[in-house]
Amino acid sequence: MSDLKSWMFDLNMTKTISVSTGNVVKWCASMKTCPVSTDQEVLYCIKAALVEWASRFQPDQAEVNGLPQHLVCNLVQDTERIGPNEREDIRISVKLFICRFDTAIVKEAVTRACVDLGVTQLDSVILAVAPLPGGQHPTLEDLKPYWKELEILVQDQKIASIGVSDLDQKMLEALCQHAQVPPSSNQVNLSSCCVIPPDLTAFANENNIQLLTHNDPPDILPVGSFQEALSTSLQDPHAHEWAPQWLLRYSAIIKHRGVIKSKGYMLHAVRQVE
């Protein structure tokens with residue numbers, strides 16, 4: 001990471017922050033020890049991206065009254081974008097983590113990923129909704145509005161296939177009965193379930209749903225962790241006012257070779273107070 005410049009970034013007038021880390025392989029390559037968990041990787045990469053952006057920031061880039069209302073910290077390089085000649089050889093997989101309940105998040109995040117990566121369609125998007133206040137798991141009623149937004153994006157050919165994360169057999173079956181576009185995959189966290197339940201396996205096989213495994217925590221970027229990252233990277237005195245709204249992880253993989261061309265995170269955060 002580059003050295004942070006000496007000034008503090010007062011985000012008092014800023015309402016939203018968008019961060020694109022660029023290819024995080026370079027962040028991990030610069031570390032003495034790589035993160036051992038996905039939430040550690042997320043936090044490290046967000047910090048690294050903010051510090052790198054700050055090191056390149058020029059004071060004359062700020063508006064007359066300070067930083068803009070909608071601050072964009074984008075480190076995606078032109079070389080990381082997918083060219084039209086190579087698009088058919090690249091599979092772009094995305095996992096969208098919903099941190100705050102707002103259905104507009106889905107289209108916003110997918111559009112952002114397409115623009116930053118230079119593509120018109122994502123090959124797959126997996127939806128992951130954070131636990132409700134109190135730690136309760138989201139219900140089907142909580143998922144329905146987000147699934148509807150994903151279905152619209154499939155119909156608009158912005159996404160080729162859509163999936164879910166951490167649904168048990170009953171909830172997955174209920175979603176399939178409700179959905180116009182059924183899920184093509186369901187991610188199972190093996191840290192909470194050492195063996196995939198037989199009823200889930202049977203239902204997935206019968207309905208052509210791919211079962212995948214993951215090790216993402218339910219809340220991959222807690223509010224406190226993001227505030228700490230903002231405070232240490234930009235030295236913002238108002239860091240305690242911020243919360244992540246959505247986090248997106250993408251992987252661009254070369255088909256038939258399984259080689260990762262690029263991997264990165266995109267984040268959108270909002271101020272919690274006016």
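Helices (H or I, at least four residues) and strands (E, at least two) are DSSP runs, numbered from the N terminus. By that count, the protein chain has seven helices and nine strands. This is a predicted model: local features need pLDDT of at least 70, side-chain atom pairs count only at pLDDT 80 or more, and totals for chains, interfaces and linings use all residues. Residues are numbered from 1 along each chain as its sequence is written, and side-chain values use heavy atoms, with hydrogens and water left out.

**Whole chain**
- Of its 274 residues, 49% count as buried (under 20% relative accessible area; exposed is over 50%, partly exposed in between; 1.4 Å probe, protein chains only).
- Take contacts (heavy atoms within 4.5 Å) between residues at least 6 apart in sequence: 74% join residues at least 24 apart.

**Helix H6**
- Helix H6 spans residues 198-206, and its buried residues are Leu200, Phe203 and Ala204.
- Seen down the axis of H6, these fall within an arc of 100°, so they line one face of the helix (the arc is that of the directions from the helix axis to the C-beta atoms).
- Pro198, Asn205 and Glu206 are exposed on the other side of H6.
- The cover over the buried residues of H6 includes helix H5 (169-178), strand S6 (185-189) and strand S7 (210-214).
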